[in-house]
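The following exercises concern a single protein chain. Please study the sequence and the model before reading each solution.

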Amino acid sequence: MPVPADWPTTEAEALAEQERLRPLVDPTGAIGAAAASSFPVGDDRLIAGVDVAYDDERDLVVAAAVVLDLATLAVVDEATATGHIAFPYIPGLLAFREIPAVLDALDALTHRPGTVVCDGYGLAHPRRLGLASHLGVLTGLRTLGVAKTPFVFDHLPPGPERGDRTPLTDPATGEEVGSAVRTRAGVKPVFVSVGHRIGLTEAVGTTLALAPHYRLPETTRHADSLCRRALAALTATGTTIVASDVN
């Protein structure tokens, strides 16, 4: 899936694009017309995790997409994509750095997932358009965000048992933008937010189903490992990227 020719290159352009896309987010799963997108419709039995790794000195980003069988959590497909970093680091605009390579990695898969889990935020974002929501609107896929930190939002500690959760709220408005979720008893929570075409209850349930043994979902664990290994291989060989390479 090619990066749009008018991909933002400045902070002002990126902010304007977030404002344009924000009304297109479906935060309930009730509308969900994936057919309206040019991205292939996925299999609801398959779920993907996406993550990226950077080599800032060489201006490289490596994205990984790993597809799991939702019933067994077995890996059924994986792909990586490598390219130049598409946007400078600016808090709140991380999606503009990551999405071009993530789209390439998703497009390289032979199995099309029905849902994508992002290592980051969806509606839990100052402008309600984090990476998961942005990716969902662009692809039409069902997406959710599972983050390691609460970003700029407030929460009370959830109960100590697996499955306990508390609201993640915007301190400026009091709006609930996600949930702090305990995926393992006695282990610090993760922060789940709606991306696109999914409700918060379903997003939390999906996260728990993907995290039977560890704090982070299996989708994130596999994607993180794959992108780090791919970046390490590039570094070891000293490969120079001329254009976006897909493996």
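**Exercise 1.** Determine which residues of helix H1 (residues 11–21) are buried, and explain how they are placed around the axis.

*Solution.* The model is a predicted one. Step 1: in H1, the buried residues are Ala14, Glu17, Gln18 and Leu21. Step 2: these residues lie on the same side of H1, because they cover an arc of only 100° around the axis. Step 3: the cover over the buried residues of H1 includes helix H2 (95–107) and helix H3 (131–139).

**Exercise 2.** Describe the aromatic pair formed by Trp7 and Phe96.

*Solution.* Step 1: a pair of aromatic rings is described by the distance of the centres and the angle of the planes. Step 2: for Trp7 and Phe96, the centre-to-centre distance is 5.6 Å and the planes are 55° apart, which makes the pair tilted. Step 3: Trp7 belongs to the segment before H1 and Phe96 to helix H2, so that the pair links distant parts of the chain, 89 residues apart. Step 4: Trp7 and Phe96 are both buried.

**Exercise 3.** Classify the aromatic pair of Tyr121 and Phe151, and state whether each residue is buried or partly exposed.

*Solution.* Step 1: the pair is stacked, with 5.1 Å from centre to centre and 25° between the planes. Step 2: Tyr121 lies in the loop between strand E4 (113–118) and H3, and Phe151 in the loop between strand E5 (142–147) and strand E6 (165–169); the pair therefore ties together parts 30 residues apart in sequence. Step 3: Tyr121 counts as buried because its relative accessibility is 16%, under the cut-off of 20%. Step 4: Phe151, with a relative accessible area of 34%, is partly exposed.

Technical notes: Residues numbered from 1 in each chain as written. Predicted model: local features only at pLDDT ≥ 70, side-chain atom pairs only at ≥ 80, totals over all residues. Heavy atoms only, no water. Buried < 20%, exposed > 50% of the residue type's maximum accessible area, 1.4 Å probe, protein only. Helix = DSSP H or I, 4+ residues; strand = E, 2+ residues; numbered from the N terminus. Arc of directions from axis to C-beta. Contact = heavy atoms within 4.5 Å. Phe/Tyr/Trp six-rings, centres within 6.5 Å; stacked < 30°, edge-to-face > 60°.
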